[in-house]
Amino acid sequence: MQGVTAQKAVAMTSDEERQRQFQALLAENRGIVLKVAYTYSQPGEDCEDLIQDIAVQLWRSFPGYDPSRKFSTWMYRVALNVAISNLRRTGQRNPKFVSIDGEDVPELAAPEAPESDERIAFLNQFISQQDPLNRALLLLYLEEYSYREIADVLGISETNVATKISRLKQRIRQEMEKE
């Protein structure tokens with residue numbers, strides 16, 4: 001009987017350790033959850049609900065996380081899948097976009113010059129008009145993830161990432177010329 005109690009203690013310790021590890025990684029990378037939620041939901045309750053949904057799914061998926069891979073890449077993949085599934089479930093085609101340069105996301109630096117404000121506003125507007133895949137591509141690209149990392153997160157080929165980003169850049173240039 002004592003052996004069963006010892007096994008339970010070991011299991012609890014490993015569960016407690018796993019929970020501590022998860023909480024530390026989540027706290028360290030919380031900006032990812034916030035950026036994805038702000039990009040794919042309405043401000044207010046919708047956004048808070050999405051943040052909670054992402055956190056719950058991250059916890060449920062954590063046992064399958066491979067520590068030999070980059071945590072932030074895995075986290076983006078889970079967060080984007082939850083956000084895109086939420087869009088499909090709620091039927092929102094173009095949720096109101098919340099700026100990724102705002103005070104709500106302290107990890108992002110404020111623009112330095114007034115000209116930058118206009119460019120950021122233009123970019124935010126452009127991103128808000130994109131479908132979920134292109135929004136994710138732009139979000140990851142702006143976070144300076146490599147094409148390989150973006151491909152891993154989105155489950156598409158590296159070549160496809162390069163092609164899509166090239167086309168998006170071209171569309172941005174064209175739209176800027178119109179302005």
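Trainee: How many salt bridges does the count come to in this model?
Mentor: The model is a predicted one. Side chains of opposite charge can pair when their charged atoms come close. Here a pair counts when a side-chain nitrogen of Lys or Arg lies within 4 Å of a carboxyl oxygen of Asp or Glu. By this rule the count is seven.

Trainee: With which residue does D152 form a salt bridge?
Mentor: The closest N and O atoms of the pair are 3.0 Å apart, and the cut-off is 4 Å. The partner of D152 is R69.

Trainee: How many residues apart in sequence are the parts that D152 and R69 tie together?
Mentor: D152 is in helix α7, while R69 is in the loop between α3 (45–61) and α4. The pair therefore ties together parts whose separation in sequence is 83 residues.

Trainee: How are α7 and α8 oriented to each other, parallel or perpendicular?
Mentor: Helix α7 covers residues 147–154 and helix α8 residues 158–178. Their axes come within 8 Å and cross at roughly 105 degrees. Angles of 65 to 115 degrees fall in one class, so α7 and α8 are roughly perpendicular.

Trainee: Which residues of α8 does α7 meet?
Mentor: On the α7 side the residues are Y147, R148, I150 and A151. The residues of this contact divide into six nonpolar, no polar and three charged. Those in α8 are E158, V161, A162, I165 and K169.

Trainee: At roughly what angle do the axes of α6 and α8 cross?
Mentor: These axes come within 11 Å of each other. The angle is roughly 90 degrees.

Trainee: Which residues of α6 make the contact with α8?
Mentor: From α8 come V161, K164, I165, L168, K169, R171 and I172. The contact residues of the two helices divide into eight nonpolar, one polar and three charged. The α6 residues are L133, N134, L137, L138 and Y141.

Trainee: About how much space lies in the second largest pocket?
Mentor: Rolling a probe the size of a water molecule over the atoms shows where empty space is left. This pocket is lined by R77, L80, N81, I84, S85, R88, P132, L133, V153 and L154. The lining divides into six nonpolar, two polar and two charged residues. The space in the second largest pocket is about 170 Å³.

Trainee: Which element gives the largest share of the lining of the second largest pocket?
Mentor: The elements that give two or more residues to the lining are α4 (71–90), α6 (132–142) and α7. The largest share is six residues, and the element that gives them is α4.

Technical notes:
Residues are numbered from 1 along each chain as its sequence is written. This is a predicted model: local features need pLDDT of at least 70, side-chain atom pairs count only at pLDDT 80 or more; totals for chains, interfaces and linings use all residues. Side-chain values use heavy atoms; hydrogens and water are left out. Axes are lines fitted to C-alpha atoms, for helices over the stretch in contact, and angles run from 0 to 180 degrees between N-to-C directions. Helices (H or I, at least four residues) and strands (E, at least two) are DSSP runs, numbered from the N terminus. Angles under 35 degrees count as roughly parallel, over 145 as roughly antiparallel, 65 to 115 as roughly perpendicular and the rest as oblique. Contact means heavy atoms within 4.5 Å. Ala, Val, Leu, Ile, Met, Phe, Trp, Tyr, Cys and Pro count as nonpolar, Asp, Glu, Lys and Arg as charged, and the others, Gly among them, as polar. On a 1 Å grid over the protein atoms alone, a cavity is a set of points where a 1.4 Å probe fits but cannot get out, and a pocket is an open set with protein on both sides within 12 Å along at least five of seven lines; lining residues have an atom within 4 Å of a point. Grid points are joined across faces, edges and corners, and a volume is the space filled by probe spheres set on the points.
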